[in-house]
Amino acid sequence: MNFQLTEEHLMIQQAARDFAQNELLPGVIDRDTHEKFPAEQIKKMGELGFMGMMVDPKYGGAGLDTISYVLAMEEISKVDASASVCMSVNNSLVCWGLEKFGTEEQKQKYLVPLAKGEIIGAFCLSEPEAGSDATSQKTTAIDMGDYYLLNGTKNWITNGSSASVYLVMAQTHPEKGHRGINCLIVERGMEGFVVGKKEEKMGIRGSDTHSLMFTDVKVPKQNRIGEDGFGFKFAMKTLSGGRIGIAAQALGIASGAYELALKYSKERKAFGKEIYKHQAVAFKLADMATEIEAARLMTLRAAWLKDQGLPFDKESAMAKLFASEVAMKTTIEAVQIHGGYGYVKEFHVERLMRDAKITQIYEGTSEIQRIVISRAILDQQ
Ligand code: CAA
Ligand code: FAD
């Protein structure tokens with residue numbers, strides 16, 4: 001067992017840390033307040049290789065491992081979780097699936113620009129009536145011979161208005177249940193595809209979350225990923241890896257809030273001494289540090305298992321469940337340690353607290369992670 005990061009890992013971590021501090025921190029409060037998508041910053045992240053980190057260089061990616069991706073996600077998320085969710089969706093929900101299951105033609109046409117960060121991707125599973133209960137897809141993709149006729153509505157789609165490529169799950173054979181679902185690559189601008197309203201959110205307010213409407217959109221047959229009926233399996237396999245990315249995001253939100261709270265506790269004085277010298281504050285910091293360390297180890301282990309080609313579905317669900325609960329708890333305590341200053345925007349921790357909440361909801365709620373974990377542990381008996 002080796003807990004040592006390599007030189008390359010440390011370099012990537014430092015590069016992401018520098019980028020977050022120099023490029024994301026300066027405008028982050030303004031983007032949160034005015035719900036501005038970090039377009040310029042995402043473009044630079046693409047140029048630095050952060051948008052296709054695990055993709056083979058022959059398809060325009062950085063060719064790195066999942067551990068590198070976790071380290072970079074943590075650093076970006078410490079500062080701007082709106083930028084990191086865009087990064088996470090592009091890397092683990094869009095590029096990964098295309099590289100693993102796409103045809104060579106699909107890879108050349110879509111994966112290469114996505115991995116280079118020239119364009120952004122979106123992953124479209126959720127619907128108004130199918131969130132956790134993802135098999136009950138109402139969007140239909142009728143087989144018309146050489147194309148599918150796509151009709152329906154998708155909800156809550158991250159990168160909804162900034163993406164150019166959308167992986168859309170839709171039902172082709174309702175009689176087959178989830179085995180009748182397909183995943184289609186839909187391009188922005190296809191006739192009948194409309195980006196709906198932007199959601200006004202509690203947190204990750206810089207991320208553009210939209211509903212999408214499809215009315216008789218003709219999607220060429222060659223845009224289907226995998227065999228007929230592979231769409232639901234595709235979504236589940238992709239989400240297993242995606243949950244490592246969200247665990248890393250939650251870890252970053254937690255460690256960002258912890259670092260701010262630690263620093264503040266050494267600066268702020270009350271009752272004649274720095275507040276960290278009050279044991280109640282020191283113990284909060286001790287709990288935060290301990291739980292963050294546990295979340296980091298779980299997330300890195302899930303990443304390591306994935307890199308080794310070993311099963312990781314249970315471990316990614318565990319990491320996502322645990323890290324998101326740690327993010328929520330840690331950010332609440334970080335606000336508490338800041339006192340009244342924690343409640344105002346300038347000190348960042350109130351934003352991190354609002355951002356933390358989403359990590360317990362998307363890519364499978366905490367309840368859904370418990371379903372995945374309990375099924376896995378019970379199956380092992
Ligand atoms: N890998 C491969 N196949 C899998 C799988 C996995 N990890 N998990 C399930 N499957 C397969 C099952 O084997 C089954 O197929 P077969 O019948 O052919 O064997 C099929 O999927 C259906 O599985 P279940 O019978 O277990 O289905 P279920 O209805 O009981 O529930 C669920 C499954 C785990 C709850 C699933 O619906 C789920 O994960 N729901 C949450 C959806 C979710 O995470 N959405 C996230 C949207 S993306 C997002 O949120 C992005 C973002 O915010 C940034
Ligand atoms: P529901 O499924 O209606 O759940 C409501 C409550 O019931 C939850 O607490 C849930 O845990 C609980 N519940 C449901 N079923 C069970 C059960 N069997 N046992 C116990 N409890 C249960 N989706 C995408 O496809 N792509 C995206 O890019 C994307 N981005 C998102 C970005 C944001 C900001 C948000 C808010 C959502 C995003 N989503 C995306 C959707 C997200 O994945 C869903 O919101 C999530 O899966 C929950 O679905 P739901 O909202 O329909 O809640």
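Reader: What makes the shell around ligand 2 draw on both domain 2 and domain 3?

Author: In this predicted model, domain 2 (122–229) and domain 3 (232–379) each give at least three residues to that shell.

Reader: Which elements supply the shell around ligand 2?

Author: At least two residues come from each of β1, β3 (147–158) and α11 (366–379). With 3 residues, β3 gives the most.

Reader: How do you know which residues around ligand 2 come nearest?

Author: A residue counts as near if its C-beta atom lies within 6 Å of the molecule. The shell has 22 residues, and Ser126, Gly131, Ser132, Thr158 and Thr365 come nearest.

Reader: What is the shell around ligand 2 like by class?

Author: There are 11 nonpolar, 7 polar and 4 charged residues in the shell.

Reader: Why is strand β4 called mostly covered?

Author: A residue is buried if 20 or more other C-beta atoms lie within 10 Å of its own. In β4 (residues 165–171), 7 of 7 residues are buried, so the strand is called mostly covered. Val165, Leu167, Met169 and Gln171 point one way, Tyr166, Val168 and Ala170 the other way, and all are buried.

Reader: How do you know that β4 pairs with β1 and β5?

Author: Strands pair if DSSP finds at least two bridges between them. β1 (residues 121–124) has 4 bridges to β4, so these two pair, and they run parallel. β5 (residues 181–187) has 7 bridges to β4, so these two also pair, and they run antiparallel. Phe123 stands opposite Leu167 in β4, and Val165 has Glu187 in β5 as its bridge partner.

Note on methods
Residues numbered from 1 in each chain as written. Chains lettered and ligands numbered in written order. Predicted model: local features only at pLDDT ≥ 70, side-chain atom pairs only at ≥ 80, totals over all residues. Buried ≥ 20, exposed ≤ 12 C-beta atoms within 10 Å, placed from the backbone. Nonpolar A, V, L, I, M, F, W, Y, C, P; charged D, E, K, R; others polar. Domains from an automatic or database assignment.
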